Amino acid sequence: MISEQEISQSEKIKVRQITLIAILTACAAALQMLESPLPRILPWLKIGLANVITLYAIIRINSFAGIGIAALRTCIAAFVLGSFLSPVHIISFAGAVAAAVIMAIIFHYLPKSSICIISILGAIASNISQLLTVQILFASNLTIWFHLAIIVWVGVPTGLIVGKITYELLRRT
């Protein structure tokens, strides 16, 4: 039999976790919105600072929280920026969820992987997913996979930046 104190303690933990997820989602959406007007070499190539929050959630909470944060933050940011359900939002959503899924898989099945390696692979997965989404939505007859070399060269340093920031955030919290 569970006592009232145990139930209330369990409920407190659930409320704290839900609150943390809500705060992290808001932070991730804010980072995505702050990064959106920054200039880019190609439309889908950016640092992806919101992935710091996604990776943090995967490590500190669980994979489902990280993936949920990635999905929700793209919807919130797109809604605020006026691009909800537009191609820009769909491309962003695909990249964010792909990065979160890959980072979660690597974190759980290759636990000795460094945070930077996890982040780099997430960045590359995000960029490939976005490129595939562009291919499906707009360029079915055009081969755009020549961008793959650029994606890898950009994914490595941006993933490294996100990984280093995430490491520092984890170390300080």
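The secondary structure of the protein consists of six helices and zero strands, where helices (H or I, at least four residues) and strands (E, at least two) are DSSP runs numbered from the N terminus. Along the sequence the pattern reads α-α-α-α-α-α. The model is a predicted one, in which local features need pLDDT of at least 70 and side-chain atom pairs count only at pLDDT 80 or more, while totals for chains, interfaces and linings use all residues. Residues are numbered from 1 along each chain as its sequence is written, and side-chain values use heavy atoms, with hydrogens and water left out.

Of the 173 residues in the protein, 42% are buried. Here buried means under 20% relative accessible area, exposed means over 50%, and partly exposed lies in between (1.4 Å probe, protein chains only). Helix α2 (50–60) is mostly covered, with nine of its 11 residues buried. The buried residues of α2 are A50, N51, V52, I53, T54, L55, Y56, A57 and I58. Helix α1 (4–35) contains Q17, which is partly exposed because its relative accessibility is 34%. The C-alpha atoms of Q17 and A65 are separated by 9.5 Å, although the two residues are 48 apart along the chain.

A search of the whole structure finds one cavity of 30 Å³ or more. A cavity is defined on a 1 Å grid over the protein atoms alone, as a set of points where a 1.4 Å probe fits but cannot get out; lining residues have an atom within 4 Å of a point. Grid points are joined across faces, edges and corners, and a volume is the space filled by probe spheres set on the points. Rolling a probe the size of a water molecule over the atoms shows where empty space is left. The largest cavity has a volume of about 210 Å³. Its lining comprises 23 residues, and K46, I47, G48, N51 and S126 lie nearest the centre. One of these, N51, is also among the buried residues of α2. At least two lining residues come from each of α1, α2, α4, α5 and α6 (148–172), and α5 gives the most, with six residues. By residue class, the lining divides into nine nonpolar, 11 polar and three charged residues. In this division Ala, Val, Leu, Ile, Met, Phe, Trp, Tyr, Cys and Pro count as nonpolar, Asp, Glu, Lys and Arg as charged, and the others, Gly among them, as polar.

Helices α4 (87–109) and α5 (115–137) each supply at least two residues of the patch. The most come from α4, with four residues. L121 belongs to helix α5 and is partly exposed, because its relative accessibility is 36%.

The loop between α3 (63–81) and α4 holds L85. Most residues other than glycine have a negative phi. L85, which is not a glycine, has a positive phi of about 65°. With a relative accessibility of 59%, L85 counts as exposed.

The count of salt bridges comes to two, a salt bridge being a side-chain nitrogen of Lys or Arg within 4 Å of a carboxyl oxygen of Asp or Glu. In one of them, the side chains of R171 and E168 meet at 2.4 Å, N to O. These two residues are three apart in helix α6 and so are separated by about one helical turn. R171 is exposed, with a relative accessible area of 53%, whereas E168 is partly exposed at 24%. An α-helix has 3.6 residues a turn, so residues three or four places apart point the same way. A salt bridge also joins the side chains of R172 and E168 (2.8 Å, N to O). R172 and E168 are four residues apart in helix α6, again about one helical turn. R172 is exposed, with a relative accessible area of 64%. Through shared partners, the salt bridges join E168, R171 and R172 into one network.

Notes:
1 Å grid on protein atoms, 1.4 Å probe; cavity = no way out; pocket = protein on both sides within 12 Å on 5 of 7 lines; lining within 4 Å.
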